[in-house]
Amino acid sequence: MKRTFKFINYRMFERKIRFSEDMINSNDLMEKKSALDFIIDALQYLVSIQEGNRDKQYAALAKNVNEDNNSKVYAVIKQEVNDLIK
C-alpha cells in the first residue's frame, strides 16, 4: 500500500500509542480515560501533518487505509476521523 504521508516525529507518535496500550489495560478508569486522550492526541497529530483543509486532511488519512475514494471503507474511515476529532 502506498503511503501518502510521512511521519515528522514517528518516535513521539509511537510513544503515545504504546503508552495508551499500557494504560487501557489498567483497572483504573482515569487511566483508561487518559489512554483515550493519548490516542486522540496521536490522531490529531496525524491530521495536523496532512496538507490542506480539514476535509483534505481526513481524505488523505482515509486514502492510507483504502486508496479507492469511492469505497465504503474509505468513506467510513473519513467519517470516523471527522467524528473522533469533534
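This is a working chat about a predicted model of a protein.

User: What elements is the protein made of, helices or strands?
Analyst: The protein has four helices and zero strands. From the N terminus on, the order is α-α-α-α. Bear in mind that this is a predicted model.

User: How much of the protein is buried?
Analyst: Buried residues account for 30% of the 86 residues.

User: How much space is in the largest pocket?
Analyst: The largest pocket holds about 190 Å³ of space. It is lined by 12 residues, and those closest to its centre are F13, L43, L46, L61 and V81.

User: Which helices supply the lining?
Analyst: At least two lining residues come from each of α1 (10-24), α2 (29-48), α3 (54-65) and α4 (72-85). The largest share belongs to α2, with four residues.

User: And by class, what is in the lining of that pocket?
Analyst: The lining has 10 nonpolar residues, one polar residue and one charged residue.

User: Changing topic. How many salt bridges are there?
Analyst: The count is four. One of them joins K16 and D41, whose closest N and O atoms are 2.1 Å apart.

User: Where do K16 and D41 lie?
Analyst: K16 is in helix α1 and D41 is in helix α2, so this pair ties together parts that are 25 residues apart in sequence.

User: Are those two buried or partly exposed?
Analyst: One of each. K16 has a relative accessible area of 16%, so K16 counts as buried, because the cut-off for buried is under 20%. D41 is partly exposed, at 28%.

User: What does R18 pair with?
Analyst: R18 forms a salt bridge with E14, and the closest N and O atoms are 3.4 Å apart. Both residues lie in helix α1. They are four residues apart, about one turn of the helix.

User: How exposed are R18 and E14?
Analyst: R18 has a relative accessible area of 45% and is partly exposed. E14 has 24% relative accessibility and is also partly exposed.

User: What about K33, which residue does its side chain meet?
Analyst: The side chain of K33 meets that of D37 in a salt bridge, at 2.7 Å from N to O.

User: Which helix are K33 and D37 in, and how many residues apart?
Analyst: Both lie in helix α2, four residues apart, which is about one turn of the helix. K33 is partly exposed at 42% relative accessibility, and D37 is partly exposed at 39%.

User: Where is I24 found, and how exposed is I24?
Analyst: I24 is found in helix α1. Its relative accessible area is 32%, so I24 counts as partly exposed. Residues in a patch need over 30% relative accessible area, so I24 passes that cut-off.

Note on methods:
Residues are numbered from 1 along each chain as its sequence is written. This is a predicted model: local features need pLDDT of at least 70, side-chain atom pairs count only at pLDDT 80 or more; totals for chains, interfaces and linings use all residues. Side-chain values use heavy atoms; hydrogens and water are left out. On a 1 Å grid over the protein atoms alone, a cavity is a set of points where a 1.4 Å probe fits but cannot get out, and a pocket is an open set with protein on both sides within 12 Å along at least five of seven lines; lining residues have an atom within 4 Å of a point. Grid points are joined across faces, edges and corners, and a volume is the space filled by probe spheres set on the points. Ala, Val, Leu, Ile, Met, Phe, Trp, Tyr, Cys and Pro count as nonpolar, Asp, Glu, Lys and Arg as charged, and the others, Gly among them, as polar. Buried means under 20% relative accessible area, exposed over 50%, partly exposed in between (1.4 Å probe, protein chains only).
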